[in-house]
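Here are some exercises on reading a protein fold, each with a worked solution. Keep the structure open beside you and try each task before reading on.

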Amino acid sequence: MTALLSTINLAFHYPRRPVVFNQLSFQLNRGDILTILGPNGIGKSTLLNCIVGGLTPTAGQLLMNNQPIDQLTVRDRAKMIAYVAQQTANQTALLVQDYVVTGRTPYLSFGQVPGVEDYERGEDALEKLGIIALKDQPLNTLSGGQQQLVTIAKALVQAAPLIILDEPTSALDFGRQQLILELIERLAADGYAIILTSHNPNHAFLLDHQVGLFAPDGHFTVGATQTLLTATALSQTYQADLKLVYVPELGRTICEMPHRLVSPN
């Protein structure tokens with residue numbers, strides 16, 4: 001079976017700067033979830049930007065369905081990959097429903113306006129994220145967490161088989177984080193491939209698919225969550241004393257710091 005996405009010996013560095021990553025390889029099929037973990041500044045967002053075309057790798061290959069990604073037109077790439085960047089304040093005064101349907105742009109001809117079906121797709125995405133009540137509000141009046149959810153809804157209406165989410169839970173409370181992780185699982189079950197970055201190893205344990213782990217030296221390893229995420233590997237990655245504990249009440253392993261940060265008086 002041809003992989004949906006293949007990265008082969010990928011490398012990247014900025015001009016006159018050290019290599020960010022090198023010899024990076026993995027494959028992703030429909031229905032796969034890849035959670036990428038690593039410390040700040042290690043290259044997680046850089047890797048995502050290489051995949052979506054914001055940056056050009058300095059070596060290696062990126063393939064979608066065995067076709068080099070750099071040979072795809074912008075429109076065709078948008079039909080294959082939906083990307084949600086780390087949330088930044090969005091100052092557009094577009095109504096939420098109008099902003100969300102801009103995800104349909106790859107399927108519209110020049111000058112064509114979204115139709116009824118496009119808006120129905122938008123409302124369905126807003127329903128899935130529990131924010132349908134926001135549809136008539138200007139985007140720039142929403143909180144950062146609400147804007148993040150709206151941007152994810154826009155990615156859903158894009159209907160691309162690969163969805164890439166850079167820190168999708170960073171501005172969200174625990175309830176919304178759970179909603180996003182459950183949505184990711186449902187999308188994978190429906191045949192989408194998902195890549196997300198996170199600073200929280202527990203997200204990888206909750207999803208329990210594949211994990212990509214950036215070491216402090218930039219080395220990137222991909223494997224099954226239960227195999228790759230050991231206490232030693234995570235402690236080395238985050239340069240912290242971390243422990244893994246199986247919690248029977250949860251039915252899963254969690255990652256925690258073992259000691260109080262400050263001793264009680």
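Helix α9 (residues 231–238) lies across β3 (33–37), β8 and β9 (210–214), and runs at about 45° to β9. Helices here are DSSP runs of H or I with at least four residues, strands are runs of E with at least two, and both are numbered from the N terminus. Angles run from 0 to 180 degrees between N-to-C directions, with axes fitted to C-alpha atoms, for helices over the stretch in contact.

This is a predicted model, where local features need pLDDT of at least 70, side-chain atom pairs count only at pLDDT 80 or more, and totals for chains, interfaces and linings use all residues. Residues are numbered from 1 along each chain as its sequence is written, and side-chain values use heavy atoms, leaving out hydrogens and water.

## Exercise 1

Find the order and the edge strands of the six-stranded open sheet.

*Solution.* 
- Step 1: The order is β6-β7-β8-β3-β9-β10, with mixed pairing; strands pair if DSSP finds at least two bridges between them.
- Step 2: β6 (81–84) and β10 (220–224) are the edges, as each pairs on one side only.
- Step 3: From one strand to the next, the twist averages 15°.
- Step 4: Look inside the sheet: β7 (residues 162–166) and β8 (residues 193–198) run parallel, joined by five bridges. Ile164 has Ile195 in β8 as its bridge partner.

## Exercise 2

Describe how α4 and α5 cross, and name the residues that meet.

*Solution.* 
- Step 1: The axes of α4 (residues 116–128) and α5 (residues 144–157) come within 9 Å and cross at roughly 130°.
- Step 2: That makes α4 oblique to α5; under 35 degrees counts as roughly parallel, over 145 as roughly antiparallel, 65 to 115 as roughly perpendicular, and the rest as oblique.
- Step 3: Arg121, Gly122, Ala125 and Leu126 in α4 meet Ala153, Leu156 and Val157 in α5, where contact means heavy atoms within 4.5 Å.

## Exercise 3

Which residue does Lys135 meet in a salt bridge, and what does the pair tie together?

*Solution.* 
- Step 1: The partner of Lys135 is Glu123, at 2.9 Å, N to O. A salt bridge needs a side-chain nitrogen of Lys or Arg within 4 Å of a carboxyl oxygen of Asp or Glu.
- Step 2: Lys135 lies in the loop between α4 and α5 and Glu123 in helix α4, so the pair links parts 12 residues apart in sequence.
- Step 3: The structure holds five salt bridges.
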